[in-house]
Structure formats: structure tokens, C-alpha cells
Amino acid sequence: MFDLIKPIFSIFAEMAKTRFELIGTELEKERLRWVELLIIACVSLFLWAMGLVMASLALIEWVGESHRLQTMMVLALVFIGGAAWTTWRWKSKAYRNK
């Protein structure tokens, strides 16, 4: 009786081992995909930030000497407001997904 069950158990064990190896491979591929997405997102955010800085400097230069300080203050308020809003959105999503 045991001689009949042993080959069947061996087949099932081999199938389980193969499945676990496939799961491990898929998880590694998914981890690498997320790392790549994170790197691309960081580069994108950096380039957007540089673009905003350059556009702000161009606007400050364009308005001239008379309204330079007011323009800088308005831009600072816009950036701080945007940062506060996105931080609030991030926190609300982070706590909602717990």
C-alpha cells in the first residue's frame, strides 16, 4: 500500500516545489517593476520641480524691478498651498488604506 502512495506523494511534492518557484519568480519580477516605477517617478518629480523653479525665475525676471517681491511672495504662497494640499491628500489616502 505504501509503495503505491509514495510515487503519488512524490509527484505532488514536485508540483508544489515548482509552484513555489514560479511564485518566487513572479514576486521578484513584480518587485523589480515597482523599483523601476519608483525611480521613474522620482526623476519625473525632480524634472517637474526644476521646471517650476525655472518658470518662476522667468516670471520674476519678466515682471521687472517694481513688482519682483510681490511676484515672489505670490509664487511662494502658491507652492506652499500646493504642498499643503498634496500632503493632506497623501495623509488622508495613507490612513484610509490601513
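Modeller: Contact here means heavy atoms within 4.5 Å. The model is predicted.

Biologist: Which residues does Thr71 touch, not counting residues up to four places away in sequence?

Modeller: By that cut-off, Thr71 touches Leu59, Ile60 and Val63. Thr71 itself is found in helix H2, residues 68-96.

Biologist: Why is Thr71 called buried?

Modeller: Its relative accessible area is 12%. Buried means under 20%, so Thr71 counts as buried.

Biologist: What makes Glu21 partly exposed?

Modeller: Glu21 has a relative accessible area of 46%. Buried is under 20% and exposed is over 50%, so Glu21 falls in between and is called partly exposed. Glu21 is found in helix H1, residues 2-63.

Biologist: How many helices and strands does the protein have?

Modeller: The secondary structure comes to two helices and zero strands.

Biologist: What is the radius of gyration of the protein, and what would a compact globule of 98 residues have?

Modeller: The protein has 28 Å, whereas a compact globule of 98 residues would have a radius near 13 Å. The C-alpha trace spans about 100 × 25 × 10 Å along its principal axes. Of the 98 residues, 5% count as buried.

Biologist: Why is the charged end of Arg33 said to sit over the ring of Trp34?

Modeller: The charged end of Arg33 is 5.4 Å from the centre of that ring. The distance cut-off is within 6 Å, and the charge must also lie within 35 degrees of the ring normal. The distance meets its cut-off, and the pair is listed as a charge over a ring.

Notes:
Residues are numbered from 1 along each chain as its sequence is written. This is a predicted model: local features need pLDDT of at least 70, side-chain atom pairs count only at pLDDT 80 or more; totals for chains, interfaces and linings use all residues. Side-chain values use heavy atoms; hydrogens and water are left out. Helices (H or I, at least four residues) and strands (E, at least two) are DSSP runs, numbered from the N terminus. Buried means under 20% relative accessible area, exposed over 50%, partly exposed in between (1.4 Å probe, protein chains only). The radius of gyration is taken over C-alpha atoms; the globule rule is 2.2 Å times the number of residues to the power 0.38.
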